[in-house]
Amino acid sequence: MISINRRRVLLAATSAVAAVNCDRQRDFGERSRVAVLKHVAYDSGLYETVRKALVQALTPGSLRGKRVLLKPNLVEFDPGSAVNTHPLFVHAALEACLSLGAARVAIAEGPGHRRNAWDLADEAGYFRTVAGFERLFTDLNLDRTRAVPFAGPLQSLHLPVTALDTDVLVSLPKMKTHHWVGATLSMKNLFGLVPGGIYGWPKNVLHWAGIPECIAGLYRLFPRTIAIVDGVTGMEGNGPIQGLAKRAGVIVAGDNLAAVDATCCRIMGIDPHRLSYLNLADANRIAEEAIIQTAEAPRALRTDFALLPEFQSLRLPQQP
Amino acid sequence: MAESAAVGELRSRLVEGGGWTPGPAREEGAARFATVEATVLAWLALAANGERLATGHAAATSGWIAARQQADGGFEPHVGVSRSTWVTSLVLLLPFPIVRSIRWRSAVEWLLRQEGRESSLVTRVREVLITGDLRGGRQRSAGWPFFPETASWVTPTAFALLALRKVRDLGEVSEYRREIDRRLSAAREFLIARQCADGGWNHGSTRALGYEAPSYPETTGLALKALQGMAVPSVKVELGKAAARRHRAACRSVEALRWLELGLMSQGETLDSLALPRASMRPLLTSEIAIDLIARAAMRAPGKRSVLEPSA
């Protein structure tokens, strides 16, 4: 007998919406470009790979003269694990943006549980790796804010001016599984924009308002966002904090977060159509047909991330 | 940073118009803005070290704080937020003459009206229906949220506990006395229930999906400080102190170390000296300088009530 519960109903509904939207997508012919590059170690070669990923993913000249804000994922004091975006990856992204003509590149993050972002960055090795980090970094949890309209029950949300006023936001997440939403990638990484100084640590207001709805809402609020995903070493199992390191050996970049995250899911062996927040945010962009993959094919690099028992239904079927 | 330099640095972060900025200005001429958290901690740190603000600065900062009070009695975290949050507890920790300059009764009433959403009747009934657990579990003990209509967490509960104990000693709260005592008791239960398996405290989630979650140093110290002098089973206190000692031996964050030391000292631990934090090139946050100064003052005068305690 097949049991019916809320999650199954939600998954079925979102998949149906996705299917309809994909057809519409093909009609419109809008496609996102996503670059997938192999890179297996945090070494000096990372700089060139990240640059190549951006060159392949972005429209030429799209960073020229722009103020760029890098938003890594800083979560916990555990430099030996795969919990945070690697400092070398952040530095490589910074150099790549500058080499592509960005006028200024800054770094900002607002961690969700630990209150001292500067300590986290220090422990994660950011100060050692990025020269002048103290001048480049803003703790988004303590930044000046501005209220913006926000879809859903919250109606409005205060967000840091550093993020709102940048020309281009670059989401730099770690490729990880997530014990509430299945996977945390470039779109879920936007939770770090919400200021703990107002909403607290954790940013529990987002949980009560609905995690998928809030992820989708933030995605829509920041349309000028690109993503470079640190999948050199990711995290599997009980992510985003207590999971195990997973060597995926991949970097994924693009100028549409939904398309980038869908591609990451396929690499992780997760069906992106089964992630409710991806469907809710932009179902048009997550179908394979809606994405122009450059460099490597995600299918060729697929390396299944271990999923908690509760998330086995997210597993992407093996294709012949 | 030497004590006098720390005091000087704090003074340099006073914002024109009142209040303290949470961090140093990094760009010449950049407009600085103040937050309630930085302001309260900085002012407490100066008070702990016998430092006074010049009359003009004190008046400006008192006025700036008073202007953060909302119509509902609570305080917004900085200009323009227009929503009362957990920082209301921090304001009530200020020295009494300052507290008396605001509508402090309204602030106390606001604080007493707040409790974690998870302890509301609706949420508890829903929890019982979903889990089948008729006991309602830990949700029965109401703590405080960071932001209204959200769940209780360790940090805002600990600060509310410290603030209400201090307010209770104002001697002018007889009408609130019973409710304050009830909430203090519930907050104590909340903190006990949220003690991690390793003995310390994290943000307030001891288990996630069946996995034990480890404690954090800063929240362990803060929870121990908040539970000072309260009726807590000694085994719980000892577990907390053991966790604090382990964190103290391993962590190098000045903020975390000082909260651990304040927590340990408040639970009767004698420390030979404050631990050395990690040497770092980065500028310290105002809250870090402040908590460092508060801990140094507590270390200089063990046994004397600190600025975070009643009757200071």
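A salt bridge is a side-chain nitrogen of Lys or Arg within 4 Å of a carboxyl oxygen of Asp or Glu. The model is predicted: local features need pLDDT of at least 70, side-chain atom pairs count only at pLDDT 80 or more, and totals for chains, interfaces and linings use all residues. Residues are numbered from 1 along each chain as its sequence is written, chains are lettered from A in the order in which they are written, and side-chain values use heavy atoms, with hydrogens and water left out.

**Exercise 1.** Determine which side chain meets that of B:Arg296 in a salt bridge, and describe the setting of the pair.

*Solution.* 
1. The partner is B:Glu3, at 3.7 Å from N to O.
2. Helices are DSSP runs of H or I with at least four residues, and strands are runs of E with at least two, numbered from the N terminus.
3. Buried means under 20% relative accessible area, exposed over 50%, and partly exposed in between (1.4 Å probe, protein chains only). B:Arg296 is buried at 17%, whereas B:Glu3 is partly exposed at 30%.
4. Contact means heavy atoms within 4.5 Å. Leaving aside neighbours within four places in sequence, B:Arg296 is in contact with B:Met1, B:Ala2, B:Glu3 and B:Leu274.
5. Both residues belong to a salt-bridge network that also includes B:Arg248, B:Arg258, B:Glu261, B:Asp292 and B:Arg300.

**Exercise 2.** Identify how far apart in helix α9 of chain B the residues B:Arg182 and B:Glu179 are, and examine a second pair in this helix, B:Arg177 and B:Asp181.

*Solution.* 
1. B:Arg182 and B:Glu179 are three residues apart, about one helical turn. Their side chains form a salt bridge of 2.9 Å, N to O.
2. B:Arg177 and B:Asp181 are four residues apart in α9 (residues 177–193), again about one turn. Their closest N and O atoms are 3.7 Å apart in a salt bridge.
3. B:Arg182 is partly exposed at 46%, and B:Glu179 is partly exposed at 28%.

**Exercise 3.** Characterise the interface of chain A and chain B by its contacts and its salt bridges.

*Solution.* 
1. In contact are 37 residues of chain A and 42 residues of chain B.
2. The count of salt bridges between the chains is six. A:Arg114 forms a salt bridge with B:Glu218, with closest N and O atoms 3.1 Å apart.
3. Elements of chain A that each supply at least two residues to the side touching chain B include α4 (117–123) and α9 (204–209). The most comes from α4(A), with four residues.
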